[in-house]
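Welcome! Please take a look at the sequence and the model below, and then we can walk through some strands and charged pairs together.

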Amino acid sequence: MIFLGLNIDHCATVRQARYRVVHPGAEPAVEPDPVTLAVHAERAGADGITIHLREDRRHIIDSDVHRVRESIATRLNLEMACTSEMAKIAAEVKPDSVCLVPENRAEITTEGGLDVVGQRDRVAAIVDAMGAAGIAVSLFIDPDEPQIAMAAELGAPFIELHTGAWANRFYDAESRAEEFARLVRGAGQGHALGLTVNAGHGINYLNVAEIRTLPHLHECNIGHSIISRALFTGIDEAVREMRARLND
Ligand SMILES: CC(=O)[C@@H](O)[C@H](O)COP(=O)(O)O
Ligand SMILES: NCC(=O)COP(=O)(O)O
């Protein structure tokens, strides 16, 4: 079975669209509440909840992290940049796992994997600190041989292969096949090195038919497409449908 981690960031994006327009004396918007969404989603079959506390707090904010930790019955996966501020928050909140991701302030969304080769010492320090706090670490990396080898060397139990390049080329048969072959090679290498292989970014109701065929795939983290679908169907139906497409 392939597990479904639901990323709820973009429920918070909708809330923050109003929250950010703060007029003097105005109350911040409280809806839609991503924590309520998470509770509904896990009842509908999500196996875990993913949140990305960005350094600029553009969607998930600190209070969400604490509230979601207290409210869900499944697993909490906290995506975060490799900074001491985030490591401190994770050590306090104790998510079930953290996924270390790169951040670039100007990006619209996460554009590439974390460069664990180039930032070896920085990543190693966070992997060790999280391990000492009893938190499992996942590294969000591109499906490239040196990155996967370094993830294993650093002792992270999980990798999440960045599927964005493949998803962005989905309608170009040749490049899509090349990108999928890269993911297949990466998943095989990760598995051979004893890593648990997850995947995420840009997965939707259509391309999930291909990603589910990725060998050794343990879990997919999916956010934007499920939250978008939920606007029309409600979150329960959106989660049930994706879970069925992942596994049935
Ligand atoms: C790392 C990653 O891929 C997720 O955090 C996801 O994309 C969240 O959405 P934003 O990148 O738009 O914040
Ligand atoms: N790590 C990827 C993730 O959590 C969800 O990405 P997306 O589905 O919002 O592109």
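Two strands pair if DSSP finds at least two bridges between them. Helices (H or I, at least four residues) and strands (E, at least two) are DSSP runs, numbered from the N terminus. This is a predicted model, where local features need pLDDT of at least 70, side-chain atom pairs count only at pLDDT 80 or more, and totals for chains, interfaces and linings use all residues. Residues are numbered from 1 along each chain as its sequence is written, chains are lettered from A and ligands numbered from 1 in the order in which they are written, and side-chain values use heavy atoms, leaving out hydrogens and water.

## Strand 4 and its neighbours

Let us begin with strand 4, residues 97-100. Strand 3 (residues 75-80) runs parallel to strand 4, and four bridges join them. Within this pairing, Asn77 stands opposite Ser97. To get from strand 3 to strand 4, the chain passes through helix 4 (residues 84-93) in a right-handed β-α-β crossover. Right-handed here means that, with the strands pointing away from the viewer, the path from the first strand over the helix to the second runs clockwise.

Strand 4 also pairs with strand 5 (residues 136-141), again in the parallel sense and over four bridges. Here Val98 stands opposite Val137. Helix 5 (residues 120-132) carries the chain from strand 4 to strand 5, and this β-α-β crossover is right-handed.

Are the faces of strand 4 covered or open? Both are covered: Ser97 and Cys99 on one side, and Val98 and Leu100 on the other, are all buried. Buried means under 20% relative accessible area, exposed over 50%, and partly exposed in between (1.4 Å probe, protein chains only).

## Salt bridges

How many salt bridges does the structure hold? There are 21, each being a side-chain nitrogen of Lys or Arg within 4 Å of a carboxyl oxygen of Asp or Glu. Three of them are listed here.

| Pair | N to O distance |
|---|---|
| Glu107 and Arg54 | 3.1 Å |
| Glu153 and Arg120 | 3.2 Å |
| Arg240 and Glu237 | 3.8 Å |

Glu107 and Arg54 are both buried.

Arg240 and Glu237 are three residues apart in helix 11 (residues 235-247), so about one helical turn separates them. Arg240 is partly exposed at 44% relative accessible area, and Glu237 is partly exposed at 34%. Elsewhere, salt bridges with shared partners join Arg15, Asp33, Asp64 and Arg67 into one network.
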